[in-house]
Number of protein chains: 2
Amino acid sequence: MELTEAKQKFIEAWGKLGSEWGINRTMAQIHALLLISPDALTTEEIMETLSISRGNANMTLRDLIGWGLIEKQHKAGERKEYFYADKDTWNIARQVAKERRKRELDPVLKVLDEISKVEGDPKDPEFATFTKSVGDINKLARNVDKTLDTMLKAEESWFWGSIFKMFK
Amino acid sequence: MELTEAKQKFIEAWGKLGSEWGINRTMAQIHALLLISPDALTTEEIMETLSISRGNANMTLRDLIGWGLIEKQHKAGERKEYFYADKDTWNIARQVAKERRKRELDPVLKVLDEISKVEGDPKDPEFATFTKSVGDINKLARNVDKTLDTMLKAEESWFWGSIFKMFK
DNA sequence: TTAAACTTTCAATAATTATTGAAAGTTTAT
DNA sequence: ATAAACTTTCAATAATTATTGAAAGTTTAA
């Protein structure tokens, strides 16, 4: 396999995986492109490589900055902005986990708490099943939340070391 | 808060969370409805409660069965099919993890392996960055894969017990 | 058989989400 | 001030994804 072909396949695969997980395909692709690029790239270069419009490139780059996955760079004597991706997979994983927790898990935890307060007759199967299921999901969600918390604070080696211990 | 209102909020929240994670909103909503329902429900009842069409209900119910999250039930002397959701959150989490691994992680691992075979000049920064990034992602993906494997085989108590040990 | 009761299919349509591209905005150099 | 170089915005449009509903299919009972 050639490098050029491999690059394309990587960008495609990353884009597909992203879209299956609710992440805009273009965002995943730009991220993939920057991940495998040794140097920071301009909007122009990104537009060209991925065949996307200026508007799309600009907005998606801003989103990626918002996710904490890439950063702007400036080169001395140039007005153009360059974009560079953090290549540390542990940082990437943590950053994604952090953002999705904030954007998606936290709001759900809030709703779960709120609806857990529902009052009713424990003899009513409708009520009993509701509170049991919601309570169980709440517990699971809180476990996930705690685990993410640990992961966000952890050093990579420590975290994976702990995971490996699970396999004995 | 009333039970009826709480139910609605739960179904809504579950649907929203699902759609943010690449799961069809209707699928998440039907699942939510069945999760909080003490009895198995008919297609008719589901259509009515969620205001969706017969076609949508039927196809989504089949999908949910495909995901291993619900099952058909038959009542003696009746021709109608009833649908019932497994209420064990640990089973649900495992089932979802299992299916997404099969559908999404496995194909990506395959691509990563394939493109890892790319050959080139280690002095070329393009080549070096590509192989480094892809290699790192490969490692992370394999760690996730192993962890899922352990999770799928594990008893709930054992799994969360191990996670808790991480907090010391 | 026939028909009633029920399930499945799928082309058409609707709803949602992503993308474009040109105009407006901003910054810098002269 | 002016203009060139560059970035941002956003209404219009395209692409994708979800949903409908009616027809076709299936099963059961008489």
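User: How many salt bridges are there between chain B and chain A?
Analyst: Keep in mind that this is a predicted model, where local features need pLDDT of at least 70, side-chain atom pairs count only at pLDDT 80 or more, and totals for chains, interfaces and linings use all residues. Residues are numbered from 1 along each chain as its sequence is written, chains are lettered from A and ligands numbered from 1 in the order in which they are written, and side-chain values use heavy atoms, with hydrogens and water left out. A salt bridge here is a side-chain nitrogen of Lys or Arg within 4 Å of a carboxyl oxygen of Asp or Glu. One of them joins Lys9(A) to Glu114(B), N to O at 2.9 Å, and the count between chain B and chain A is four.

User: Which helix of chain B gives the largest share of the side that touches chain A?
Analyst: Helices are DSSP runs (H or I, at least four residues) and strands likewise (E, at least two), numbered from the N terminus. On the side of chain B that touches chain A, the elements giving two or more residues are α1 (3-20), α5 (89-116), α6 (125-153) and α7 (156-166) of chain B. With 15 residues, the largest share comes from α6(B).

User: And how much area do chain B and chain A bury between them?
Analyst: Contact means heavy atoms within 4.5 Å, and this one takes 53 residues from chain A and 53 residues from chain B. Buried area is the accessible area (1.4 Å probe) that two parts lose on being put together, summed over both. Carbon and sulfur atoms carry 73% of it, and the total is about 5,200 Å².

User: Which three residues supply more of the area that chain B buries against chain A than any other three?
Analyst: Together they supply 12% of the area that chain B buries against chain A. The trio is Leu3(B), Trp21(B) and Met166(B).

User: How far is a polar backbone atom of Ser53(A) from a phosphate oxygen of DNA strand C?
Analyst: Polar contacts are pairs of N or O atoms within 3.5 Å; within protein, one must be able to donate a hydrogen and the other to accept it, and residues adjacent in sequence count only if both atoms are side-chain atoms. The side chain of Thr26(A) puts an N or O atom 2.7 Å from a phosphate oxygen of DNA strand C, and the side chain of Asn24(A) has one at 3.4 Å. For the backbone of Ser53(A), the distance is 2.7 Å.

User: Over on DNA strand D, which residue has a polar side-chain atom 2.9 Å from a base nitrogen?
Analyst: Some contacts here go to phosphate instead: Arg62(A) has a side-chain N or O atom 2.5 Å from a phosphate oxygen of DNA strand D, and a backbone N or O atom of Ser53(B) lies 2.6 Å from one. The base nitrogen is approached by Arg79(A).

User: Which element gives the largest share of the surface near DNA strand D?
Analyst: α4 of chain A and α4 of chain B each supply at least two residues there. The largest share, five residues, comes from α4(A).
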